[in-house]
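Subject: Structure handover

Hello,

Here is the structure for you to look at. My notes follow below it.

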Amino acid sequence: MQKTYYDPADLKKFGKISEWNPELGEKFFDYYGKVFEEGALTAREKALIALAVSHTEQCPYCIDAYTKDNLQRGVTKEEMMEAIHVGAAIKSGATLVHGVQMMNKVNKLEM
């Protein structure tokens, strides 16, 4: 019996998403590859961003992949945790700022 809903072995199958729609799959992987090329940001910086976003999106496959990628790039566990905290702060801030919409609605309904 599987212990979690996500099977870590499925991460290795990611490339197979192109099988049922090769054209779009190839376009995605071309784009994905280009995004992670060195540019204004280093590959290391992009790996840290990817790790933080992996956590805000709560993707266990991405968390596994980018944790390993960051370690291979020499990123420390302290740097990784700090990046995750940045992502968490942005995610929680975005949630809270939407509270203004609720406040506006309440004020409108109470008129």
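First, a word on confidence. This is a predicted model. The chain averages a pLDDT of 94. Of the residues, 98% score at least 70. Among the elements of the chain, helix 2 has the highest mean pLDDT, at 98. Helix 5 (residues 99–109) has the lowest, at 95.

Aromatic rings

The structure holds 9 aromatic pairs. One of them joins F14 and F29. Their ring centres are 5.1 Å apart and their planes stand at 70°, so this pair is edge-to-face. The angle decides it, because over 60 degrees counts as edge-to-face. The pair links distant parts of the chain. F14 sits in the segment before helix 1, F29 lies in helix 1, and 15 residues separate them.

F29 is partly exposed, with a relative accessible area of 25%. F29 also pairs with F28. Here the centres are 5.1 Å apart and the planes are at 70°, so the F28 and F29 pair is edge-to-face. F28 counts as partly exposed, at 32% relative accessibility.

Ring pairs tie F14, F28, F29, Y32, F36 and Y66 into a cluster.

Nonpolar core

The largest nonpolar core has 9 residues: L48, A50, L51, A52, Y66, V75, M80, A83 and I84. Two elements give two or more residues to this core: helix 2 (43–56) and helix 4 (77–97). Helix 2 gives the most, with 4 residues. Y66 is named in this core and also in the ring cluster.

Take A83 as a way in. Leaving aside neighbours within four places in sequence, A83 is in contact with L48 and A52. L48 and A52 are both buried residues of helix 2. An α-helix has 3.6 residues a turn, so residues three or four places apart point the same way.

Helix 2

Helix 2 has 14 residues. From first C-alpha to last, helix 2 reaches 20 Å, close to the 20 Å expected at 1.5 Å a residue. Its buried residues are A43, K46, A47, L48, A50, L51, A52, S54 and T56. What covers them includes helix 1 (22–35), helix 3 (60–72) and helix 4. Just after helix 2, Q58 takes a positive phi of about 55°.

Best wishes

Terms used. Residues are numbered from 1 along each chain as its sequence is written. This is a predicted model: local features need pLDDT of at least 70, side-chain atom pairs count only at pLDDT 80 or more; totals for chains, interfaces and linings use all residues. Side-chain values use heavy atoms; hydrogens and water are left out. A nonpolar core is a set of buried Ala, Val, Leu, Ile, Met, Phe, Trp, Tyr and Cys residues joined through side-chain atoms within 4.5 Å. Buried means under 20% relative accessible area, exposed over 50%, partly exposed in between (1.4 Å probe, protein chains only). Contact means heavy atoms within 4.5 Å. The expected span of a helix is 1.5 Å times one less than its number of residues. pLDDT is the predictor's confidence in each residue, from 0 to 100. Rings of Phe, Tyr and Trp (its six-membered ring) pair if their centres lie within 6.5 Å; planes under 30 degrees apart count as stacked, over 60 as edge-to-face and the rest as tilted.
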